[in-house]
Amino acid sequence: MMRIAVLALQGAFAEHRKMLCNLGIDSFEIRQRSDWDEHKDGLIIPGGESTTQLKLLKDLELLKPIQEDIRKGLPVFGTCAGLILLAKDVEGEDFERISTMDIHVKRNAYGRQMGSFYTEDNFQEIGKVPMTFIRAPYIMRGEPHVDILAETGGHIVAAQQGNQLVTSFHPELNDDPRIHQYFINMITKQ
Amino acid sequence: MSENRQTLNRNLAQMLKGGVIMDVTTPEQARIAEESGACAVMALERIPADIRAAGGVSRMSDPKIIKGIQEAVSIPVMAKCRIGHFAEAQILQAIEIDYIDESEVLSPADDVYHIDKTKFEVPFVCGAKNLSEALRRIAEGATMIRTKGEPGTGDVVQAVKHMRMMQSQIRDIVSKSEDELYEAAKQLQAPYDLVKYVHDHGKLPVVNFAAGGVATPADAALMMQLGAEGVFVGSGIFKSGNPRKRATAIVQAVTNYNDPKILAEISEDLGEAMVGINEQEIKLLMAERGK
């Protein structure tokens with residue numbers, strides 16, 4: 001039976017677990033190093049503050065093991081802060097994150113909370129999906145082997161590179177489970 | 001405020017969950033807070049303990065100070081306005097603050113009315129010491145709630161009392177039959193639809209943090225175990241001996257609030273905690289402001 005780890009250091013991890021639960025998928029929380037040793041078929045890195053999550057990943061000695069397992073092929077899905085943590089390059093920042101995905105990202109790309117917005121736009125293979133952007137980043141560019149899955153307003157907001165899926169919006173905040181289902185399908189195909 | 005905006009503002013609070021929001025008075029303190037893992041900062045001219053010590057009328061901070069802090073960090077920046085002072089709130093909205101705290105820590109500007117927060121695009125967090133106050137603030141447009149506690153004391157007793165009260169009242173509403181909810185709304189002096197929401201979901205319709213008196217990692221863990229979804233730490237960090245270390249420890253305590261072994265490790269050697277004032281020793285009960 002499939003089991004998904006949800007990084008639960010800070011942010012909207014409960015919403016992801018609820019979404020998985022609605023899809024009939026078992027999940028558990030990663031709060032400390034020993035949790036990581038449990039069996040898992042995939043990892044979700046939720047929205048929240050990327051600086052907070054990164055600090056805790058380092059303090060709790062989770063950064064390296066997560067990095068290694070993603071490099072070995074563990075399927076991972078990052079939303080908003082999760083996307084930032086997975087990106088190799090972030091505009092104006094030169095420190096290591098999980099940094100396994102070959103994308104260049106702009107943080108707080110739409111400005112402060114007043115710039116947060118909701119829209120609906122096309123997602124590859126799925127069609128129109130709800131997109132909630134909260135102080136969101138977007139992807140400025142990706143290496144050629146990164147697949148662009150969604151764009152809105154002229155910016156890349158979802159992408160995939162092999163076992164890694166990212167969205168700069170929050171599919172966990174709306175009732176539409178199709179992007180989570182897309183991630184589950186990625187795992188099954190693997 | 002459109003329904004869409006209200007949802008987006010509630011959503012931002014969801015992103016802060018499991019995090020620590022720290023009071024800061026300078027860009028330097030804001031950077032320390034961010035580097036220690038704060039999920040947001042509250043920009044202030046004076047922290048609550050100093051407001052308490054100084055006495056007199058306490059107002060919204062100088063926008064220049066707030067802007068300096070906004071430039072220093074990448075995490076959300078919040079700021080306080082006085083209860084009922086919608087002009088201060090308009091000013092904070094004009095400088096694109098991420099969250100306004102309509103706060104009892106400042107001197108109230110209106111002893112009857114709170115701000116009609118539905119008129120604003122920017123989100124508001126408000127203090128509450130029970131379910132009645134929380135639901136009234138939500139009806140006025142607040143998209144996040146925190147316990148009032150007793151700010152600037154380093155004494156967690158009031159935050160505990162308010163959180164326990166809120167959780168117990170929520171359980172009480174959940175246990176009622178549907179036809180009893182009209183009377184419950186009357187008793188709570190809160191709108192029926194919000195009471196119905198609490199009955200159906202077993203929680204507030206917005207995120208609920210703890211605030212007012214949290215000074216140690218153990219305090220933070222206590223509040224989380226009592227049902228808080230995150231904590232505000234006001235005077236507790238920059239009034240302590242080693243702010244960076246204490247801030248880091250409190251951030252970790254909020255993540256691993258259920259693991260006493262980790263709590264024991266991070267509670268070691270934090271230096272001096274802020275000097276606490278007992279509830280009986282204070283003249284001014286800020287929690288009694290704005291009901």
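Mentor: In this predicted model, a residue counts as buried when its relative accessible area is under 20%. Leu131(B), Ser132(B), Glu133(B), Ala134(B), Leu135(B), Arg137(B) and Ile138(B) of helix H6(B) are buried by that rule.

Trainee: What makes helix H6 (residues 131–139) of chain B count as largely enclosed by the rest of the structure?

Mentor: Seven of its nine residues are buried, and therefore H6(B) is described as largely enclosed.

Trainee: Which elements do the buried residues of H6(B) pack against?

Mentor: In chain B they pack against helix H1 (3–16), strand S5 (124–128), strand S6 (144–147), and helices H7, H8 and H9.

Trainee: Why is Thr255(B) called buried?

Mentor: Its relative accessibility is 1%, and the limit for a buried residue is under 20%; Thr255(B) therefore counts as buried. Thr255(B) lies in helix H12 of chain B. Leaving aside residues up to four places away in sequence, Thr255(B) touches Ala8(A), Leu9(A), Arg31(A), Leu56(A) and Gly18(B).

Trainee: What makes H10(B) roughly parallel to H12(B)?

Mentor: The axes of H10 (residues 217–225) and H12 (residues 243–255) of chain B cross at roughly 25° and come within 8 Å. Angles under 35 degrees count as roughly parallel, and H10(B) is therefore roughly parallel to H12(B). The crossing of this pair is right-handed.

Trainee: How do H2(B) and H4(B) pack, in angle and in distance between axes?

Mentor: Helix H2 (residues 27–35) and helix H4 (residues 63–72) of chain B pack at about 35°, with axes 8 Å apart. H2(B) passes H4(B) in a right-handed crossing. Pro27(B), Ala30(B), Arg31(B) and Glu34(B) of H2(B) meet Gly68(B), Ile69(B) and Ala72(B) of H4(B). This contact has four nonpolar, one polar and two charged residues.

Trainee: How do you know that Arg17(A) forms a salt bridge with Glu29(A)?

Mentor: The closest N and O atoms of Arg17(A) and Glu29(A) are 3.2 Å apart, and the rule requires the atoms to lie within 4 Å. Arg17(A) is in helix H1 (residues 13–22) of chain A and Glu29(A) in strand S2 (residues 26–30) of chain A, so the pair ties together parts that are 12 residues apart in sequence.

Trainee: What makes Glu178(B) and Lys196(B) a salt bridge?

Mentor: Their N to O separation is 3.8 Å, to be set against the limit of within 4 Å. The pair links distant parts of the chain, 18 residues apart: Glu178(B) is in the loop between helix H7 (157–175) and helix H8 (181–188) of chain B, and Lys196(B) is in helix H9 (residues 192–201) of chain B. Glu178(B), with a relative accessible area of 45%, is partly exposed. Elsewhere, salt bridges with shared partners join Glu49(A), Glu93(A), Arg97(A) and Arg107(A) into one network.

Trainee: Are Arg82(B) and Glu88(B) buried or exposed?

Mentor: Both are buried, and their side chains meet in a salt bridge at 2.9 Å, N to O. Over all chains, the count comes to 36 salt bridges.

Key. Residues are numbered from 1 along each chain as its sequence is written. Chains are lettered from A and ligands numbered from 1 in the order in which they are written. This is a predicted model: local features need pLDDT of at least 70, side-chain atom pairs count only at pLDDT 80 or more; totals for chains, interfaces and linings use all residues. Side-chain values use heavy atoms; hydrogens and water are left out. Axes are lines fitted to C-alpha atoms, for helices over the stretch in contact, and angles run from 0 to 180 degrees between N-to-C directions. Helices (H or I, at least four residues) and strands (E, at least two) are DSSP runs, numbered from the N terminus. Angles under 35 degrees count as roughly parallel, over 145 as roughly antiparallel, 65 to 115 as roughly perpendicular and the rest as oblique. A crossing is left-handed if the near helix is turned anticlockwise from the far one by less than a right angle, and right-handed if clockwise. Buried means under 20% relative accessible area, exposed over 50%, partly exposed in between (1.4 Å probe, protein chains only). Contact means heavy atoms within 4.5 Å. Ala, Val, Leu, Ile, Met, Phe, Trp, Tyr, Cys and Pro count as nonpolar, Asp, Glu, Lys and Arg as charged, and the others, Gly among them, as polar.
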